[in-house]
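Me: I'm new to reading protein models, and I'd like to go through one feature by feature. Could you walk me through it?

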Amino acid sequence: MRDGDGVFFVKKINEVAASKEGKGWVDYKWPNPVTKALEQKSTYVERVDEIYFACGIYK
């Protein structure tokens with residue numbers, strides 16, 4: 001998937017989770033379901049064993 005700027009943010013989320021640390025933040029633009037506007041969003045991702053957990057917040 002690509003964000004509003006054409007960035008492959010899911011690929012970045014997978015790269016962060018697969019990294020040595022296995023956790024971190026990914027920033028991208030995504031439509032806010034409440035405002036319907038394209039907004040900056042940050043998602044924290046963390047790998048636990050082989051499971052990736054992610055939680056995003058609009059800025």
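Reply: A salt bridge is a side-chain nitrogen of Lys or Arg within 4 Å of a carboxyl oxygen of Asp or Glu. With that in hand, look at Asp27 and Lys59: their side chains meet in a salt bridge, at 3.8 Å from N to O. Asp27 sits in strand β1 and Lys59 in the segment after β3 (51–58), so this pair ties together parts that are 32 residues apart in sequence. Keep in mind that this is a predicted model.

Me: How exposed are Asp27 and Lys59?

Reply: Asp27 is partly exposed, with a relative accessible area of 43%. Lys59 counts as exposed, at 64% relative accessibility.

Me: How many salt bridges does a search of the whole structure find?

Reply: The general idea first: side chains of opposite charge can pair when their charged atoms come close. Here, the search turns up two salt bridges. One of them joins the side chains of Asp5 and Lys29, at 3.4 Å from N to O. Asp5 belongs to the segment before α1, while Lys29 is in strand β1 (residues 23–31), so the pair links parts that are 24 residues apart in sequence. As for accessibility, Asp5 is exposed at 51%, and Lys29 is partly exposed at 30%.

Me: Let's step back for a moment. What helices and strands does the protein chain have, and in what order do they run?

Reply: There is one helix, and there are three strands. Starting at the N terminus, the order is α-β-β-β. If you follow the C-alpha trace, it spans about 35 × 20 × 15 Å along its principal axes.

Me: What share of the residues count as buried?

Reply: Buried means under 20% relative accessible area. By that cut-off, 25% of the 59 residues of the protein chain are buried. The accessible surface of the chain comes to about 4300 Å², and 57% of that belongs to carbon and sulfur atoms.

Me: And how many charged side chains are there, positive and negative?

Reply: The protein chain has 10 positive and 9 negative side chains. The centres of those two sets lie 3 Å apart.

Me: Then what does the side chain of Asp3 reach?

Reply: The Asp3 side chain reaches the backbone nitrogen of Gly6 at 3.0 Å. The backbone nitrogen of Val7 is also there, 2.8 Å from a polar atom of the Asp3 side chain. Asp3 itself lies in the segment before α1 (9–18). Setting aside residues up to four places away in sequence, Asp3 touches Phe9, Tyr28, Lys29 and Trp30.

Me: Where is Glu46, and which residues is it in contact with?

Reply: Glu46 is in strand β2 (residues 38–48). Leaving out neighbours within four places in sequence, Glu46 is in contact with Gly22, Lys23, Ile51, Tyr52 and Phe53. With 31% relative accessibility, Glu46 counts as partly exposed.

Terms used
Residues numbered from 1 in each chain as written. Predicted model: local features only at pLDDT ≥ 70, side-chain atom pairs only at ≥ 80, totals over all residues. Heavy atoms only, no water. Helix = DSSP H or I, 4+ residues; strand = E, 2+ residues; numbered from the N terminus. Polar contact = N/O pair within 3.5 Å; in protein donor to acceptor, adjacent residues only side chain to side chain. Contact = heavy atoms within 4.5 Å. Buried < 20%, exposed > 50% of the residue type's maximum accessible area, 1.4 Å probe, protein only. Areas by Shrake-Rupley, 256 points an atom, 1.4 Å probe, with all protein chains shown as cover. Lys, Arg positive; Asp, Glu negative; His and termini not counted. Charge placed at Lys NZ, Arg CZ, Asp CG, Glu CD.
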